[in-house]
Amino acid sequence: MRGVIVADDLTGANASGVLLKKIGLSVCSLFRLGGAAAHQSDVLAYSTASRGLPPEEAFRRVRDAFLQLKEGGVFFNKRIDSTLRGNIGAEIDGALAALGDEFTAIVVPAYPDSGRIVANRTMLVNGMLLTESDAGRDPKMPVASDDVVALIAQQTRHAVRYVSLKDLAQDMGSLAAAVRDAAKEARVLIFDAVRNEDVQKIAKAALQSGCHVLTVDPGPLTMQFVYEMQVKEKREQKVLLVIGSVTATTKRQIADLLQKRRVFFVDMHVGEFFERERRAAEIRRVIDKIGSAVDDEDVLLLTTTPLSDEKPLDLQATARELGVTPEHVSCVLSATLAEAAGEILEQNGKLEGVYCSGGDITIALLERLDADGIAVRDEVLPLAVYGRILGGRLPKLRIVTKGGMIGGDDAIGLCLEKIAKDIAL
């Protein structure tokens with residue numbers, strides 16, 4: 001993924017860039033265009049230093065920046081000040097001039113987490129009118145209007161359409177259609193937004209509209225828009241869940257996942273694990289069954305966890321019957337599950353990530369893949385870790401490890417989201 005942010009000052013470029021860093025993208029913030037192509041980041045953020053310049057010069061700088069940076073870009077952002085200072089209309093025009101006639105500017109000035117909201121076209125900053133805030137009294141470039149639509153309409157050469165909070169209350173399909181229809185008549189669409197949920201809905205609607213979009217905002221809209229792009233791109237990403245934990249917490253988490261997502265699951269018959277030929281046949285059975293489903297399914301679950309009211313294997317009783325220790329029985333369970341999972345992962349190159357529940361399972365799988373360990377990248381939730389496999393036969397494979405008693409009912413879903421949105425190698 002390659003994105004472009006053009007801001008009117010360097011701090012603004014940095015502020016928007018760091019939001020995209022939070023969703024897994026690498027970002028370079030530049031103040032010189034020369035040599036930009038040499039930087040291999042997912043996102044290039046550039047400052048035109050144009051906030052206090054005449055509108056004509058601001059237009060030219062933004063247009064030239066996008067012309068130089070747009071090659072290969074998949075998303076574009078004109079970053080604006082969170083209190084609407086500067087040449088907003090002229091810079092939107094410069095960006096649209098560079099990107100082409102098919103692009104529509106989606107303008108969301110709100111930044112709810114920073115106290116900036118827009119309701120009924122009016123911007124409030126920490127509960128006060130924009131003109132009564134520090135921005136309204138800025139000695140260099142005071143903002144003269146609280147009316148966002150009027151302010152931008154006076155500065156741009158393009159037709160403007162306003163989308164109110166009432167409009168945002170529509171269902172997603174209707175809102176996306178409204179955006180698509182409005183874009184046929186105007187190239188600048190300006191939205192109310194008072195909550196993060198509003199910003200997120202606008203981002204989803206803009207993406208679903210099918211329009212070529214230039215996001216215009218102080219950061220949150222672009223972050224949500226790019227995140228939704230990632231979700232859409234990764235919707236067909238295939239992940240193997242390997243779960244051996246028998247805790248009540250794990251069973252609730254599996255049940256929650258099955259309610260919310262389409263999951264293809266195969267439960268292994270643990271009673272087959274303790275005789276060599278039957279064990280080999282059981283491993284082959286589940287490998288073949290999951291292998292036949294990989295092309296059609298995105299989330300595949302391999303588990304020894306009873307998914308019904310069936311009682312888990314009694315380690316003590318099984319150990320006595322076999323004349324071994326309970327620890328030996330536990331190791332057989334982990335090794336058999338990992339053997340099947342490892343072969344599935346190696347045989348199916350379409351699988352991009354693996355989720356392991358239970359420390360014994362994780363270790364057994366890493367050993368099966370001859371891995372050296374895990375390059376830790378992030379914490380998904382307390383005691384659930386995301387990273388990449390180090391070395392072995394599947395280096396850099398995405399992996400989440402989590403204890404069986406960790407997290408709420410939605411924990412597995414959160415782990416899947418983490419695997420899906422990490423695109424950096």
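Glu346 is partly exposed, with a relative accessible area of 32%; buried means under 20% relative accessible area, exposed over 50%, and partly exposed in between, with a 1.4 Å probe and protein chains only. Its partner in a salt bridge is Arg368, and the closest N and O atoms of the two are 2.6 Å apart. A salt bridge here is a side-chain nitrogen of Lys or Arg within 4 Å of a carboxyl oxygen of Asp or Glu. Glu346 belongs to helix H12 (residues 326–347) and Arg368 to helix H13 (residues 359–368), so the pair ties together parts that are 22 residues apart in sequence. Arg368 counts as buried, at 16% relative accessibility. Helices (H or I, at least four residues) and strands (E, at least two) are DSSP runs, numbered from the N terminus.

The model is predicted: local features need pLDDT of at least 70, side-chain atom pairs count only at pLDDT 80 or more, and totals for chains, interfaces and linings use all residues. Residues are numbered from 1 along each chain as its sequence is written, and side-chain values use heavy atoms, with hydrogens and water left out.

In total the structure holds 30 salt bridges. One of them joins the side chains of Arg51 and Asp81 (3.7 Å, N to O). Arg51 lies in the loop between strand S3 (43–47) and H2, and Asp81 in the loop between S4 and helix H3 (88–99), so this contact connects parts 30 residues apart in sequence. Arg51 is buried at 14% relative accessible area, and Asp81 is buried at 5%. Both belong to a network of salt bridges that also links Asp8, Asp9 and Arg85.

Another salt bridge is formed by Arg157 and Asp93 (3.7 Å, N to O). Arg157 is in the loop between helix H4 (148–153) and strand S9 (160–163), while Asp93 is in helix H3, so parts 64 residues apart in sequence are tied together. Arg157 is exposed, at 60%, whereas Asp93 is buried, at 4%.

Now the rings. The whole structure has 2 aromatic pairs; rings of Phe, Tyr and Trp (its six-membered ring) pair if their centres lie within 6.5 Å, and planes under 30 degrees apart count as stacked, over 60 as edge-to-face and the rest as tilted. Phe66 and Phe76 are edge-to-face, 6.4 Å centre to centre with 65° between the planes. Phe66 lies in helix H2 (residues 55–69) and Phe76 in strand S4 (residues 75–79), so the pair ties together parts 10 residues apart in sequence. Ring pairs link Phe66, Phe76 and Phe103 into a cluster.
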